[in-house]
Amino acid sequence: MSPIGIIGGSGFYKLVGIEGPQKVHIDTPFGEVIATRGYLSNKEVIFIPRHGEDHTIPPHKINYHANAYAMYKLQVEKVIATSAVGSMRKDLKPGDFVLPDQIIDFTKSRRYTFFDGDFAIQLKSGELRAGVYHVDATEPYCRELRKIIYQVGKEMGLKIHFGGTYVCTEGPRFETPAEIKFFRKIGGDIVGMTNSPEVFLFKELNICYALICVVTNYAAGMQKKVSHEEVLEIFKRRSEVLADLIRRVVAKL
Ligand code: HPA
C-alpha cells in the first residue's frame, strides 16, 4: 500500500502520535526535502511541515515543487494537508474546521506549475503528462478524501464545514480590510497564504489532495487586528484535536 502524505501548516510542525519516526532526506529535481516517515494508525505516513520544523520558511519561500514531488517520488496517492486560515464569514468561527472545495488565487510571485517546458511524468494509469500541459482545476480538492474527513469530523462532534472558497494571498503580511471586503464580494469564505500553488501542483501530479483548515481569526476589518501570535495560539489550541482527526482519517483510508 502506498504511504499517506501529511503536510503540516503553521503551528503543526510535528506529527503527534507517529510511531517509529525516521527522518528521511528526499532528493528531488527541485531540491532536497526533509520529511518524517513512520506509522499512524498502522499505516505508513510521510510528514512534511510546510514552514520547516521551526517555522523558518515564509509562505512565498516554501519549496512547494520539492514538497509535492517528494510525495510523488515516494508513491504517495493521498495527501491530507493542514492550514491556518482567517474567516471572512461570521458563521465560520475561530476554532472551526473548514474543508474547502474551491480556491481563488491572488498570489503574485510564485512558480505555479511543473509543466513549464521539459517536465514529464508517467501516471500509474499509464497516462503521460509532458511538456506544455494544462491540468483541469474544476475540482481542485479531492472529493472522496474530503468526504471521509468530514464524516470522521462529524463523528467526533467537531464544528466542521464541508466546502468553502479559499482565497490565497501572497503574504507574508496580513490583508487590508479593503482587500477582505473585495474577497468577500467575489465569494471568498476563508483566507490563507499557502494553498497556491500547493493544491495545483498535487493536481498536476494526479495526487488526491484535501486541505483541513483551522480558522484562527476573523479576517482583517472583521476584528480589531490580526496577529501572527493569535494565529499560532488558536492553532495550538486545536492541534491536539486536529492530530486526532488526522489519525482517525488515516485509519479509514
Ligand atoms: N489571512 C491570511 N492568512 C491567514 C490568516 C489571515 O487572516 N489567518 C491565518 N492565516
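In the predicted model, helix H2 passes helix H5 in a right-handed crossing. H2 spans residues 143-155, and H5 spans residues 228-252. Their axes come within 9 Å and cross at roughly 125 degrees. That angle makes H2 oblique to H5. On the H2 side, the contact involves Leu145, Ile148, Ile149, Gln151, Val152, Gly153 and Glu155. These residues meet Leu245, Arg248, Val249 and Lys252 of H5. By class, the contact of H2 with H5 holds 6 nonpolar, 2 polar and 3 charged residues.

Helix H1 covers residues 64-73, and helix H4 covers residues 195-204. The axes of H1 and H4 come within 9 Å and cross at roughly 30 degrees. Angles under 35 degrees count as roughly parallel. H1 and H4 are therefore roughly parallel to each other. H1 passes H4 in a right-handed crossing. H1 contributes Tyr64, His65, Ala68 and Met71 to the contact. From H4 come Ser196, Pro197, Glu198, Leu201 and Phe202. The residues of the contact of H1 with H4 divide into 6 nonpolar, 2 polar and 1 charged.

Pro197 itself lies in helix H4. Another cis peptide bond runs from Gly171 to Pro172, with omega near -5 degrees. Pro172 lies in a loop. This loop sits between strand S11 (165-169) and helix H3 (177-185). A further backbone feature concerns Ser41. Ser41 is not a glycine, yet it has a positive phi of about 50 degrees. Ser41 is found in the loop between strand S3 (31-40) and strand S4 (43-49).

The ligand site draws on several parts of the chain. Ala84, Val85 and Gly86 are among the residues that surround the ligand. Phe174 and Glu175 also belong to the surroundings, as do Val191, Gly192 and Met193. Thr216, Asn217 and Val231 complete the list. A backbone N or O atom of Gly86 lies 3.2 Å from a nitrogen atom of the ligand. In Glu175, a side-chain N or O atom is 2.8 Å from a nitrogen atom of the ligand. For Asn217, the distance from a side-chain N or O atom to a nitrogen atom of the ligand is 2.7 Å.

Key. Residues numbered from 1 in each chain as written. Predicted model: local features only at pLDDT ≥ 70, side-chain atom pairs only at ≥ 80, totals over all residues. Heavy atoms only, no water. Axes fitted to C-alpha atoms, helices over the stretch in contact; angles between N-to-C directions. Helix = DSSP H or I, 4+ residues; strand = E, 2+ residues; numbered from the N terminus. Parallel < 35°, antiparallel > 145°, perpendicular 65-115°, else oblique. Left-handed = near helix turned anticlockwise from the far one by under 90°. Contact = heavy atoms within 4.5 Å. Nonpolar A, V, L, I, M, F, W, Y, C, P; charged D, E, K, R; others polar. Near = heavy atom within 4 Å. Polar contact = N/O pair within 3.5 Å; in protein donor to acceptor, adjacent residues only side chain to side chain.
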